[in-house]
Amino acid sequence: MTSKGSVYEQDFQYSKGSLDVTPRDWFLLAWSHFRREIALYMNQIARNSRVMVIVGVGEGGFVPDVVGAQAIGIDINRKALVNADRRLDLIVCSASHLPMRDNSVDLVYFELVLHHLKGQMDLAVPFTESHRILMPNGRMVAVEPNRLHPSGFLLNLLNVFHLYASVFGGSNYEYSLTTKELTIPLSCFSGFEVKPLSFHHPRFPLFLHNYIMKREAFLKKHFSSFAWMVLVAAVK
Ligand SMILES: C[S@@+](CC[C@H](N)C(=O)[O-])C[C@H]1O[C@@H](n2cnc3c(N)ncnc32)[C@H](O)[C@@H]1O
């Protein structure tokens, strides 16, 4: 049976839309800052994990720089795995049915995936699956675009009409998320935290990046609800 995900995601291409004329340095600045923040947070957690599952790993994103840990990358889109990091054990499957035994992994990580799953299924499904495969005290971490950032708002507006792929590139079935949507399905976990991650965006001009860079600590403290990306971490 073909799932919604395998149909929606097969032509996914980031930043290949007709209106996307983002200068390369804007793009690189926003993404490198974002990836650095993730690595700072995740390397710490990954260091204590023997088995880690990265869901929707695609061609990019965080891979721990830890020797000795087993890192498994899964994605529904076979084409996306062709260029995936070779340090990972790769599996083609959906986040809705993770092929791991109950209580068998230390860490489940979603990077920019749940907002794709939102168009395919109830978000309680991947969270329940993560909870099932995690060992007691295991962690689930997700990093997702925030609906209250202007880019998150625009994404959802365009995808009311399934137009995001043709305008900016991406998927016509991805939708930014609210903190509520990310945390309500976490009731099966014993505790969770929410952190604003970055206020940049690849389509912001350089002067705005510089402004944000200088005030990021202030923005995180007083305007956390409007971050570009939000990180949610939960403990089983
Ligand atoms: C925006 S990309 C993120 C890729 C990578 N994690 C990163 O941070 O660059 C979203 C990924 O989720 C994958 N995906 C979408 N639906 C999925 C599903 N149901 N199960 C597993 N992966 C899925 C897509 O194929 C795609 O590779």
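**Questions on the fold**

Reply: To begin with the contacts of this predicted model, among those in the chain between residues at least 6 apart in sequence, 70% join residues at least 24 apart.

Me: How does the radius of gyration of the chain stand against the globule rule, and what is its value?
Reply: The chain holds nine helices and seven strands. For its 236 residues the globule rule gives 18 Å, and the radius of gyration is close to that, so the chain is as compact as a globular protein of that length; the value is 17 Å.

Me: What percentage of the residues of the chain count as buried?
Reply: A residue counts as buried if 20 or more other C-beta atoms lie within 10 Å of its own. Among the 236 residues of the chain, the share that counts as buried is 39%.

Me: Which residue in S4 is the bridge partner of Val-55?
Reply: Strands S1 and S4 run parallel and are joined by four bridges. Not counting residues up to four places away in sequence, Val-55 touches Ile-74, Ala-95, Val-108, Tyr-109, Phe-110, Val-113 and Pro-126. One of these contacts is also its bridge partner in S4, namely Phe-110.

Me: Which residue in S5 stands opposite Val-108?
Reply: S4 is mostly covered, with seven of its seven residues buried. S4 and S5 pair in the parallel sense over six bridges. In S5, the residue that stands opposite Val-108 is Met-140.

Me: Is Asn-48 buried or exposed?
Reply: Asn-48 is found in the loop between H2 and S1. Asn-48 and Asp-106 are 58 residues apart in sequence, while their C-alpha atoms are 8.4 Å apart in space. A residue is exposed if 12 or fewer other C-beta atoms lie within 10 Å, and because Asn-48 has 11 C-beta neighbours inside that distance, it counts as exposed.

Me: What is the phi of Leu-112, about how many degrees?
Reply: Most residues other than glycine have a negative phi. Leu-112 has its place in the loop between S4 and H4, and it is partly exposed, with 18 other C-beta atoms within 10 Å. Although Leu-112 is not a glycine, its phi is positive, at about 60 degrees.

Me: Where does His-162 lie?
Reply: His-162 is a residue other than glycine with a positive phi, near 50 degrees. With 13 other C-beta atoms within 10 Å, His-162 is partly exposed. The place where His-162 lies is the loop between helix H6 (150-160) and helix H7 (164-167).

Me: How many residues surround the ligand?
Reply: The closest of them are Gly-5, Gly-56, Gly-58, Gly-61 and Asn-77, and helix H1 (4-9) and helix H4 (114-117) each supply at least two residues of the shell. The residues of this shell divide into nine nonpolar, nine polar and three charged. The number that surround the ligand is 21.

How values were computed:
Residues numbered from 1 in each chain as written. Predicted model: local features only at pLDDT ≥ 70, side-chain atom pairs only at ≥ 80, totals over all residues. Near = placed C-beta within 6 Å. Nonpolar A, V, L, I, M, F, W, Y, C, P; charged D, E, K, R; others polar. Contact = placed C-beta atoms within 7 Å. Rg over C-alpha atoms; globule rule 2.2 N^0.38 Å. Pairing = 2+ DSSP bridges.
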